[in-house]
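This briefing goes through one structure, topic by topic. Keep the sequence and the 3D view open while reading.

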Amino acid sequence: MADVTVAAIDDDRMLLGGLQFWLAPVTDLDLVATAPTVAAYLALDVRVDVVLLDLNLRDGSVPAANVTRLLASGAAVLVVSTIPDAEHVLATIEAGAAGYITKDNDLPVLVEAIRHVAEGGVAISPELAFVLSNDHRPGRPQLSPQESIVLRAYASGATLQATARRAGIAYGTARQYLERIKRKYTDAGRPTHTKLDLVERVREDRLELDGLHPPSQP
Amino acid sequence: MKTGSNSMVSIHPVSHEAMTTTSRIGVPGTLAVHRRTRQVLTRVAVLLRVIALAPLVLAVLAGIHDRDYTAPWLAAAVYLVFAAWTTIFVLVAWRRGEVTTTLQVTDVAVIGACMLLVAAAVRPEFFVRVSSSDLEAAMTVAAVTIAIGGWPRRAVAACAVLFAAHALAEIPTTIRVGAGNLINTLNDALWLGGGALLAGMIAHGLLAMAGQVDVAAQEAAASQAALARLDERMRHDHERLRHYRTLHDGPLTILTAIATGGLEHNADDVRRQCAINANLLRALIADDSTSSLSDLSIALTEAGRDYAVYGIRILYQFADVPTDLSQNVIDALTGASREALNNIAAHADTDRAWLTVVAEDSAGGPLVTVTITDRGRGFDLSANPPGRGIVHSIQGRLAEIGGTAAIHSHPGEGTRVDLRWQP
């Protein structure tokens with residue numbers, strides 16, 4: 001199986017440097033590009049399997065719009081951040097990000113998440129499960145009672161085995177439940193987000209072609 | 001002495017503000033007791049007025065029996081006018097709870113006029129044979145009514161007018177009977193003046209006391225408000241202090257140590273400390289951004305910090321944590337969490353633990369759930385029934401505040417402790 005190509009978009013240079021250092025010994029993952037903004041990454045014109053995207057970039061870009069633009073480039077998106085800012089985490093998942101993890105995770109957790117996402121899977125961390133299980137928005141996707149139990153148990157840090165045992169279901173079923181919940185969010189986000197974001201993206205791309213920065217950029 | 005005056009300076013603006021706010025808001029109720037006392041006194045006067053009708057009826061019956069009425073139609077008309085006025089007076093004064101100036105003046109005028117007219121309708125002997133014959137009871141009650149309403153000068157004036165009318169009405173009788181009736185008239189004057197004086201003293205004493213009660217009530221309300229503000233400020237300062245201590249003992253200390261070059265930041269144990277403190281900051285920042293930090297989340301992060309020495313990193317997750325939990329609930333939940341973390345440190349063989357707090361709305365108030373989870377060794381609950389430490393320290397603590405604790409574990413799958421509490 002070919003190596004997984006990875007790009008990282010983050011405006012923290014120390015973090016990008018650390019990531020290169022971290023991923024160097026991992027033989028099946030190749031970090032091929034790093035960039036401080038989505039626009040800068042797209043300008044590199046590289047194709048990767050997985051983009052690690054910082055949730056809150058300091059250029060003021062909208063996290064969900066960033067996800068949409070990166071998905072359009074053909075990459076899967078794994079969102080990372082220091083703090084799980086619930087509102088934007090939900091927005092990026094609804095925009096189609098394959099997963100979300102906080103930056104404090106250990107290397108094996110990050111590597112496993114990247115591999116999973118590269119294979120077309122989803123990366124549901126306990127922190128993502130926690131954000132989803134505490135979603136009180138009126139228009140949130142409706143979860144079945146069983147799905148809620150699995151989501152909450154997993155959100156509290158339990159292993160998937162322990163989560164399955166808690167819900168009285170098989171390990172594989174618990175995994176399916178988590179993936180189904182994630183899919184409900186992505187499906188819920190698709191109709192509105194893509195339309196709005198496409199308009200926004202076209203506008204931003206045109207501005208960049210003209211040599212200007214998007215108005216939101218300082 | 002200096003510190004004393006300083007503390008006064010800081011307290012004074014608070015209490016002053018509280019005073020003015022209270023008195024402004026409390027205007028309708030400011031003189032509540034005073035007003036109520038006036039009302040009661042007025043009703044006493046109105047009742048006296050009704051009681052004073054009885055001797056009048058007796059005097060009229062005696063007068064008819066003795067054929068003393070020389071102009072019975074005039075007398076009847078006067079009594080009718082008097083009866084009509086008394087009815088109006090009683091109804092209006094009772095309903096309004098006060099005897100207005102108009103009522104006072106009309107009352108004195110009507111009674112004075114009636115006394116003079118009655119005198120014109122009877123033989124002079126009428127006033128000697130029949131006791132209290134000349135509306136004397138009504139006259140005294142009218143003066144008492146004004147005095148009891150707290151109008152001393154008007155009461156004196158009313159006494160003078162009424163006594164003048166009375167004396168005038170009795171002149172023919174005095175001429176006929178002589179000194180005997182003069183003493184009678186003087187006697188009436190003494191009852192008139194004495195009754196008014198007594199009523200005035202009672203009213204004055206009661207109203208003064210009512211005023212003092214009102215002032216005291218106002219002051220009590222004001223100082224209560226000031227105390228509440230002071231309490232709120234102390235609570236706020238206390239929270240800030242705890243916040244500061246949490247940050248100072250953790251992240252600030254290690255950052256300072258690295259900045260001064262005293263620590264090699266790539267060393268494993270330093271990096272672990274950094275990770276632990278980053279978690280702490282993350283927990284404090286992520287905790288419900290719309291409200292202030294809850295005491296429970298601060299207490300739990302403080303407790304969790306102590307497990308750094310065991311090499312355990314705690315990942316905090318807080319959502320919708322209530323900010324108004326009582327201290328004994330916070331203590332019980334924190335204490336039980338410590339026991340669960342002790343257990344992880346002793347048996348789980350892991351370097352990570354999750355500490356999650358969520359609150360769900362429900363009918364009886366928020367259902368608070370604190371969950372302590374690890375992905376360590378786990379154990380067989382049926383083989384190791386949760387005796388010894390866990391049952392006593394975790395379930396016991398929760399039972400004390402009316403909560404419950406549940407422990408889930410399985411070999412190889414970690415342990416999860418759920419602490420639940422609802423008001």
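**Where to start: one residue in chain B**

B:Ala208 sits in helix α9 of chain B, which covers residues 179–259. The model is predicted. The points below begin with this residue, then take up each chain and the contact between them.

- How exposed is B:Ala208, and why? B:Ala208 counts as partly exposed because it has 13 C-beta neighbours inside 10 Å; a residue needs 20 or more to be buried, and one with 12 or fewer is exposed.
- B:Ala208 and B:His34 are separated by 174 residues in sequence, yet their C-alpha atoms are 8.0 Å apart in space.

**The two chains in outline**

- Chain A contains nine helices and six strands.
- Of the 218 residues in chain A, 45% are buried.
- Taking the contacts in chain A between residues at least 6 apart in sequence, 66% connect residues at least 24 apart.
- Chain B contains 13 helices and five strands.
- Chain B has 423 residues, and 36% of them count as buried.
- For chain B, 77% of the contacts between residues at least 6 apart in sequence join residues at least 24 apart.

**The sheet of chain A**

- In what order do the six strands of the open sheet in chain A lie? The order is β2-β1-β3-β4-β5-β6, and the pairing is parallel.
- The edge strands of this sheet are β2 (29–35) and β6 (123–124) of chain A, each of which pairs on one side only.
- Strand β1 of chain A, residues 4–9, runs parallel to β2(A) and is joined to it by six bridges.
- Within β2(A), the residue opposite A:Val6 is A:Leu31.
- Helix α3 of chain A (residues 63–72) packs on the sheet and touches β3 (50–54) and β4 (76–81) of chain A. The direction of α3 makes an angle of about 165° with that of β3(A).

**Nonpolar cores**

- In soluble globular proteins, nonpolar side chains tend to be buried together.
- The largest nonpolar core has 65 residues. Those that touch the most other members are A:Val6, A:Val50, A:Val51, A:Val77, A:Leu78 and A:Ile114.
- Leaving out residues up to four places away in sequence, A:Val51 touches A:Ala7, A:Ile9, A:Leu70, A:Ala75 and A:Val77.
- There is also a second, separate core of 45 residues, and B:Ala45, B:Leu56, B:Ala158 and B:Cys159 are among them.

**A helix pair in chain A**

- Helices α7 (residues 145–155) and α8 (residues 160–167) of chain A have axes that come within 9 Å and cross at roughly 145°.
- The crossing of α7(A) and α8(A) is right-handed.
- Which residues meet where these helices touch? From α7(A) they are A:Gln146, A:Ile149, A:Val150, A:Ala153 and A:Tyr154, and from α8(A) they are A:Leu160, A:Thr163, A:Arg166 and A:Ala167.
- By type, the residues of the contact of α7(A) with α8(A) are six nonpolar, two polar and one charged.

**Where the chains touch**

- The contact between the chains involves 16 residues from chain A and 20 residues from chain B.
- On the side of chain A that touches chain B, α6 (126–133) and α8 each supply at least two residues.
- The most comes from α8(A), which gives four residues to that side.
- The side of chain A that touches chain B consists of seven nonpolar, six polar and three charged residues.

**Strands of chain B**

- Strand β3 of chain B (residues 367–374) is mostly covered, with six of its eight residues buried.
- Strand β2 of chain B (residues 352–360) pairs with β3(B) in the antiparallel sense over eight bridges. B:Val358 is placed opposite B:Thr369 in β3(B).
- Between β2(B) and β3(B), which form a hairpin, there are six residues. In that turn, B:Gly365 has a positive phi of about 115°.
- β3(B) also pairs with strand β5 of chain B (residues 415–421), in the antiparallel sense and over seven bridges. B:Thr369 is opposite B:Arg420 in β5(B).
- Strand β4 of chain B (residues 404–409) runs antiparallel to β5(B), and six bridges join them. B:Thr404 has B:Arg420 in β5(B) as its bridge partner.
- β4(B) and β5(B) form a hairpin with five residues between them. B:Gly412 in its turn has a positive phi of about 85°.

Terms used:
Residues are numbered from 1 along each chain as its sequence is written. Chains are lettered from A and ligands numbered from 1 in the order in which they are written. This is a predicted model: local features need pLDDT of at least 70, side-chain atom pairs count only at pLDDT 80 or more; totals for chains, interfaces and linings use all residues. A nonpolar core is a set of buried Ala, Val, Leu, Ile, Met, Phe, Trp, Tyr and Cys residues joined through C-beta atoms within 7 Å. Two residues are in contact if their C-beta atoms, placed from the backbone, lie within 7 Å. Two strands pair if DSSP finds at least two bridges between them. Axes are lines fitted to C-alpha atoms, for helices over the stretch in contact, and angles run from 0 to 180 degrees between N-to-C directions. A crossing is left-handed if the near helix is turned anticlockwise from the far one by less than a right angle, and right-handed if clockwise. Ala, Val, Leu, Ile, Met, Phe, Trp, Tyr, Cys and Pro count as nonpolar, Asp, Glu, Lys and Arg as charged, and the others, Gly among them, as polar.
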